[in-house]
Amino acid sequence: MHAGQQANMSAAAVAGQGRARWMVFRAFLTQNVAVGCAFGGYGVTVLPLQEQFGASRGTATLGLALCVLVMGLAGPLIGTMIARIGLRWTMMAGAILSGTGYALLAAAPGMTAVLLLYALPIGFGMAMLGSFPSSVLASNWFPHNPGPALGVTNMPLFVAILPMVGLVLISDHGLPAFYLTLAAIHVLLLPVIHGVSDGPVLRGDPKPDAHGHITHEIPSARAVLARPAFWAMCLGAGYLNAAGITGVSHLVAFAMERGVPGGAAALLLSIMGGASILGSLLSGVLCGRIGPALTLTLIACGICVSWVILLSTIAYPAMIPAALLVGMSGAAVFPAVNMLSSRLFGQHSLPRVIGLFGLATLPLTFCLPPLAGVLHDAAGGYGPVVWVIIAGSGAAAFLFLMMRREALSSSRIENTARA
């Protein structure tokens with residue numbers, strides 16, 4: 001009997017691990033569809049939008065910025081939705097909303113309609129479907145060591161693939177066909193989302209409802225905002241995120257200013273994008289081994305080192321490993337922030353904390369890239385811009401190094417309570 005019980009328990013454990021891996025795969029797909037369609041697909045639509053509607057370059061590039069703005073503003077609301085109705089229906093609503101937005105883009109009558117569609121249905125839909133809820137799903141199914149699962153979930157594979165697909169579709173069939181393809185991808189995702197469950201039922205948890213949602217008590221927004229550790233995390237990680245976005249926005253122009261031909265400068269940006277896939281994976285592995293605070297310290301140091309190299313050389317072969325390091329570091333931030341939030345506030349608090357994190361860091365992520373352009377124009381070059389990136393990243397490295405002790409202490413308290 002004892003041997004039989006052990007065999008049954010072993011089989012249940014294997015089945016549970018298999019289900020957890022499938023949930024991470026679902027999280028990976030949802031994150032990639034949401035983020036890939038927006039960030040990977042937008043770049044190839046800028047010139048066709050200009051040609052079709054006679055828009056300026058600034059107006060044509062505004063849609064993605066509005067999408068990111070709405071996504072950040074919606075963070076606290078999405079956190080509340082996850083806590084109340086669960087991940088499945090939050091993500092389902094996001095897929096329907098974003099898919100509808102892309103379908104309507106195919107028939108948009110003007111640039112104003114395009115911008116409104118990117119801001120509202122697509123921006124809100126991406127908030128309900130993208131990195132935030134997908135990371136919560138992955139973390140819930142690997143509560144003891146979510147790092148590797150978060151790394152896999154946040155690999156930006158579709159960001160690298162969709163520009164190539166988009167170029168072919170737009171060239172052969174036109175811009176509406178590309179938008180309808182993005183809408184169809186969201187429809188195909190619905191059966192994947194329907195199998196989402198919030199997390200495994202652990203000892204002491206309330207009974208899940210018919211949709212697999214378990215209602216947990218989570219801290220109020222006031223309780224989260226009252227913690228100095230929250231603001232320290234927002235300041236450090238928000239700056240690193242903003243530095244990554246600034247790098248993507250300005251790397252080509254920076255390289256060309258240093259004498260690199262346009263095609264070679266664009267190749268640096270492609271290298272950066274490819275490196276982001278590896279960066280997300282490595283972030284998850286490092287978080288599991290050395291902890292998220294120390295991982296964020298290393299990420300900040302990586303950003304510092306990469307920009308020091310880029311600023312100190314005009315040799316193209318030396319710029320390639322620097323671009324690799326920039327791409328890896330930028331993609332590594334979000335998985336580490338998710339795990340640090342879980343360590344500081346508890347796993348069940350993640351929807352509330354990450355939602356508030358997105359809102360609190362919005363001034364940095366939305367304003368730093370254009371301010372970098374203003375500083376460049378005022379200074380007549382990228383030197384001061386790069387030194388601001390280096391100095392801020394160095395300060396973030398020191399900040400996260402100081403936070404390491406509190407993260408370890410909070411993790412021990414949570415593990416004791418769980419036991």
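# Aromatic rings and their partners

Visitor: Why does Phe 230 count as buried?

Guide: Its relative accessibility is 0%. Buried means under 20% relative accessible area, exposed over 50%, partly exposed in between (1.4 Å probe, protein chains only). So Phe 230 is buried. This is a predicted model: local features need pLDDT of at least 70, side-chain atom pairs count only at pLDDT 80 or more, and totals for chains, interfaces and linings use all residues. Residues are numbered from 1 along each chain as its sequence is written, and side-chain values use heavy atoms, without hydrogens and water.

Visitor: What makes Phe 345 buried?

Guide: Its relative accessible area is 13%. That is under 20%, so Phe 345 is buried.

Visitor: How many aromatic pairs does the structure hold?

Guide: Nine. One of them joins Phe 230 and Phe 345, with 6.4 Å centre to centre and 80 degrees between the planes. Rings of Phe, Tyr and Trp (its six-membered ring) pair if their centres lie within 6.5 Å; planes under 30 degrees apart are stacked, over 60 edge-to-face, the rest tilted. So this pair is edge-to-face.

Visitor: What makes the charged end of Arg 227 sit over the ring of Phe 345?

Guide: It lies 4.6 Å from the ring centre. The rule asks for NZ of Lys or CZ of Arg within 6 Å of the centre and within 35 degrees of the ring normal.
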